[in-house]
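Let's walk through this structure together, one part at a time. Keep the model open beside you as you read.

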Amino acid sequence: MTIAPDVPDQARPTSDALFRAGPSRRPRNMGQIIRWMLLFAGGILMVMPIAYMISTSLKWPFEVYNVNLIPEEPTLDNYAYVLEDGRFYLWFWNSLLIAAITTVSNLFFDSLIGYTLCKFRFPGRQLVFIAILSTLMIPTEMLVIPWYLMSQSFGWLDSYWGIMFPGLMTAFGTFLMKQFFESVPDDFIEAARIDGLNEFQIWWTVAMPLVKPALAALAIFVFLGNWTAFLWPLIVTNSTDMYTLPVGLSSFGDEADVAWELIMTGAAISTIPTLVVFLIFQRFIIRGVVMAGLKG
Amino acid sequence: MPFYRNLSIRQKQIAWAWAFLAVPVLFYVIIRFYPTGNAIMISFQNWNLLGDRTWAGLENYQKLVADPVFWKVFKNTFLYLIIGTPISLVLSFIIAYQLDKVRFMHGTLRMLYFLPFMTSAVAMAWVWRWFYQPVPTGLFNNLLAQVGISQIEFLNSTSYALPSVLAPAVWAGLGFQIIIFMAGLRAIPVSYYEAARIDGVGWWTVLTQITIPLLRPTIVFIVVFSSIGFLRIFDHVYNMTTNNPGGPLNSTKPLVLMIYGTAFDDFDMGYAAAQTVVLFLILLIVSLIQLRLLRSE
């Protein structure tokens, strides 16, 4: 976590700064101080559910009902208990593997399709473009029944492939990448062609490195989306061993019913990794989310 | 490859393009288009997975119209939308608008608001479920007890359950909307504000005459994005009501949960498919309204 202000933030005076004494970092007047304190209080309120989740995961069962945020005698006992039978390791691994493979697949295929639609002129281009665009209108929920039937007849139920096949390419990613390839100058591609590179090499070695920020933004979105995905993994998995973290946590919560400190521990195990990654790459991730959100 | 060598540059381009697109086109046909058609087809059939598939005509749709549970669910789904969208829109705008004016520890404040977006809905649904428990377990009721306010049956009351389930969904989405709004605010040229200052206009006029009109594309995007999210709500409801999915008395059940129950608990595939077609049509209408709004600029 960093406290230093964004350079671009500072370079641009706020609408308010123009109306008051020049742009300054420290709050000068009463209004600014009250605004800052209200925003800070709101921010603390926003992270309270996460703070309580972590705090309760560190409490002994007798202390769970105490509203104190700081545990009196912090313990890692709950973690030891929850991790003991190894289920959470397995679910964690399943989620990680599925999210990672899906992310790589999306980075490869979405950008390949986006690049082809952007830089090639060929009969059928418009048709492919509109066809992929139209799938954005079809909600996943409409496809889960046919996907389930398909998985059943091909024997994909309860397998890694079954969990990940629907998400290997996304129309959202394709359009995001297509938008970014627009900014790659055609001259670069032409020059590479003259140098004797084939089209695949041009895409991979010339165009791809130029859209790295977009690839990173897409990777964040796809990974987070698959890490937290619930409906389809819930439908396609049957055995405890194949559960992803959200599906496993859901079944664990049901079975642990009233042992809230254990449920909070399970929730913390599935949340903390993404939070840590976020805190490390905070600015980068926020920029990526804005980029993907606005361009996609 | 002599054959390849003899092609013109344009023909080579076409060959490469289709070589690149071969696998993706196959994927989209098999995993997206065929299932879409299949879902529509199944909605006109009777099928419980084990027995024969028989054509049912409009039977599933007629059953849907006559089903009081469906109308309850339909109402719930729109309640999520009608309550959730304006609340998250107004809250995220106010926070983004104020946050944009703050420089001191700006990054830290933004991080606090954005953090919930990085959590998983399932994990947070269980955290909020714990908050809502009656005394001596639940956090909210314990806090209420400390200040001497009577207990609220958040998840066990037919009137409080839906807003209680909605709250974590709004909470988790807020961070995303705030940073999208802040990006929108940043994109407004400073010269407009300078001109307003020279004219001596008050902040309210600046807000309503400059900021909000120029933010229209951002507002439309956020309204549509969050509307679609609330219409498809599932993870929160399912996890907060696992003991009685969509309960109490179906008062929290959204369309997606009904689809899930019909398809994978009752195995009534035809009826479930008809429900997914209805969901598709609702989302289609929302998307068309978005296109309309964006075009009229």
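How far apart do the C-alpha centres of domain 1 of chain B and domain 2 of chain B lie? They lie 39 Å apart. Do keep in mind that this is a predicted model. To find the two parts on screen, colour chain B by its domain assignment: domain 1 covers residues 2–42 and domain 2 covers residues 67–295.

Chain A is also assigned a domain 1, at residues 26–75, and a domain 2, at residues 86–295. Taken over C-alpha atoms, the centres of these domains of chain A are separated by 33 Å.

Now bring both chains into view. Their contact draws 82 residues from chain B and 84 residues from chain A. Within the chain B side, the most comes from helix H2 (residues 9–42), which gives 18 residues. By class, the chain B residues that touch chain A comprise 58 nonpolar, 15 polar and nine charged.

In an unreviewed entry, it lists "transmembrane region" for chain B at residues 14–34, 78–99, 111–131, 169–193, 214–234 and 272–294. Take residues 78–99 of chain B: this stretch is 100% helix and 0% strand, with its end C-alpha atoms 31 Å apart. Residues 272–294 of chain B are likewise 100% helix and 0% strand, and there the end C-alpha atoms are 33 Å apart. The unreviewed UniProt entry also gives the annotation "domain: ABC transmembrane type-1" to residues 74–290 of chain B. In the model, that span is 71% helix and 0% strand, and its end C-alpha atoms lie 21 Å apart.

For chain A, UniProt (unreviewed entry) places "transmembrane region" at residues 33–54, 91–115, 127–148, 160–177, 214–235 and 258–281. Residues 33–54 of chain A are 100% helix and 0% strand, and the end C-alpha atoms lie 31 Å apart. Residues 127–148 of chain A, by contrast, are 77% helix and 0% strand, with 28 Å between the end C-alpha atoms.

Helix H3 (residues 30–57) of chain A packs against helix H15 (residues 260–280) of chain A at an angle of about 120°, with the axes 8 Å apart. Why is H3(A) called oblique to H15(A)? It is because of that angle of about 120°, since 65 to 115 degrees would count as roughly perpendicular and over 145 as roughly antiparallel. The crossing of H3(A) past H15(A) is left-handed. Residues of H3(A) including A:Ile50, A:Met53 and A:Ile54 meet residues of H15(A), among them A:Trp260, A:Glu261 and A:Met264. This contact has seven nonpolar, four polar and one charged residues.

H3(A) also packs against a helix of chain B, H5 (residues 106–114), at an angle of about 35° and with the axes 8 Å apart. Here too H3(A) makes a left-handed crossing, this time past H5(B). From H3(A), A:Leu39, A:Phe40, A:Gly43, A:Ile44, A:Met46 and A:Val47 meet B:Leu109, B:Leu112 and B:Tyr113 of H5(B). By class, that contact has eight nonpolar residues, one polar and no charged.

Note on methods:
Residues are numbered from 1 along each chain as its sequence is written. Chains are lettered from A and ligands numbered from 1 in the order in which they are written. This is a predicted model: local features need pLDDT of at least 70, side-chain atom pairs count only at pLDDT 80 or more; totals for chains, interfaces and linings use all residues. Two residues are in contact if their C-beta atoms, placed from the backbone, lie within 7 Å. Helices (H or I, at least four residues) and strands (E, at least two) are DSSP runs, numbered from the N terminus. Ala, Val, Leu, Ile, Met, Phe, Trp, Tyr, Cys and Pro count as nonpolar, Asp, Glu, Lys and Arg as charged, and the others, Gly among them, as polar. UniProt positions are given in the numbering used here, feature names are shortened, and annotations may be inferred rather than shown by experiment. Axes are lines fitted to C-alpha atoms, for helices over the stretch in contact, and angles run from 0 to 180 degrees between N-to-C directions. Angles under 35 degrees count as roughly parallel, over 145 as roughly antiparallel, 65 to 115 as roughly perpendicular and the rest as oblique. A crossing is left-handed if the near helix is turned anticlockwise from the far one by less than a right angle, and right-handed if clockwise. Domain bounds come from an automatic or database domain assignment.
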